[in-house]
Amino acid sequence: MTPDELNAARDRVLPDVVAGGLRVLFCGINPGLLSAATGHHFARPGNRFWPVLHLSGFTPRRLAPAEQDELLTYRLGITNVVARATARADELSPEEFREGGRLLTAKVELLRPQWLAVVGVTAYRSAFGDKKARIGPQERMIGTTRIWALPNPSGLNAHWTAESMAQEYGRLRAAAEATGAPEEG
């Protein structure tokens with residue numbers, strides 16, 4: 001992909017991978033330029049989302065970004081706090097994060113997944129105004145949906161290895177399996 005093609009993807013919106021009845025709705029910060037250009041979430045080769053999803057037991061094999069729609073067969077989905085694509089998350093304003101939190105809340109109220117998993121505790125803090133949030137399950141709920149803040153799988157996150165991320169993602173997987181199907185209403 002050329003630099004011009006990547007730059008042309010700036011501000012593009014990447015469609016969600018969602019359906020009703022999800023066990024876990026994973027929520028990224030916002031799409032990167034490569035994701036927006038290809039139409040696939042977590043598309044940058046250094047991003048560890050897809051390997052960690054497999055290592056943690058959410059998927060039986062490592063999926064490629066182009067196979068993102070297969071997540072729905074496992075009752076998993078993907079969305080973002082902020083829909084527009086940027087080269088870096090620091091290009092987003094605090095207002096965009098707050099508005100993203102409001103839109104995400106409405107999306108979760110509509111879809112009613114068992115768990116909302118925000119990949120990036122800083123994104124969770126910014127979107128929901130919870131400055132003290134830590135990695136792990138959160139006290140806040142959206143309707144009947146529980147929330148878990150996960151480590152950001154970006155290759156830039158040097159604080160977490162793929163293995164340590166997989167352990168935390170695995171804790172969420174175990175919690176999702178223990179909570180069963182969402183109530184119909």
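Trainee: Which atom of His 41 lies 2.7 Å from a polar atom of the side chain of Gln 68?

Mentor: That atom is the backbone nitrogen of His 41. We call this a polar contact (a pair of N or O atoms within 3.5 Å; within protein, one must be able to donate a hydrogen and the other to accept it, and residues adjacent in sequence count only if both atoms are side-chain atoms). Before we go on, note that this is a predicted model, in which local features need pLDDT of at least 70, side-chain atom pairs count only at pLDDT 80 or more, and totals for chains, interfaces and linings use all residues. Residues are numbered from 1 along each chain as its sequence is written, and side-chain values use heavy atoms, with hydrogens and water left out.

Trainee: Where is Gln 68 placed, and is Gln 68 buried or exposed?

Mentor: Look in the loop between helix 3 (49–55) and strand 2. Helices (H or I, at least four residues) and strands (E, at least two) are DSSP runs, numbered from the N terminus. Gln 68 has a relative accessible area of 7%, so this residue is buried. The cut-offs are under 20% for buried and over 50% for exposed, with partly exposed in between (1.4 Å probe, protein chains only).

Trainee: Which residues does Gln 68 touch, not counting residues up to four places away in sequence?

Mentor: Touching, or contact, means heavy atoms within 4.5 Å. With residues up to four places away in sequence left out, Gln 68 touches Val 17, Gly 39, His 40, His 41 and Trp 50.

Trainee: Let's move to strand 2. What is found there?

Mentor: Start with Leu 76, which is found in strand 2 (residues 76–80). Leu 76 is buried, because its relative accessible area is 0%. Leaving out residues up to four places away in sequence, its contacts are Leu 22, Arg 23, Val 24, Phe 26, Phe 58, Thr 59 and Leu 71. Gly 77 belongs to strand 2 as well, and at 0% relative accessibility it counts as buried. With the sequence neighbours up to four places away left out, Gly 77 touches Val 17, Leu 22, Val 24, Leu 25 and Phe 26.

Trainee: How many aromatic pairs does a search of the whole structure find?

Mentor: The search finds seven. A pair of aromatic rings is described by the distance of the centres and the angle of the planes. Rings of Phe, Tyr and Trp (its six-membered ring) pair if their centres lie within 6.5 Å; planes under 30 degrees apart count as stacked, over 60 as edge-to-face and the rest as tilted. Phe 26 and Tyr 169 form a stacked pair, at 6.3 Å centre to centre with 15 degrees between the planes. Phe 26 lies in strand 1 (residues 24–28) and Tyr 169 in helix 6 (residues 162–179), so their pair ties together parts that are 143 residues apart in sequence. Phe 26 is buried at 0% relative accessibility, and Tyr 169 is buried with a relative accessible area of 0%.

Trainee: What is the centre to centre distance for the stacked pair of Phe 42 and Phe 49?

Mentor: For Phe 42 and Phe 49 it is 4.0 Å, with 15 degrees between the planes. Phe 42 is buried, with a relative accessible area of 12%, and Phe 49 is buried at 0%. To finish, find Phe 26, Phe 42, Phe 49, Trp 50, Phe 58 and Tyr 169, which form one aromatic cluster.
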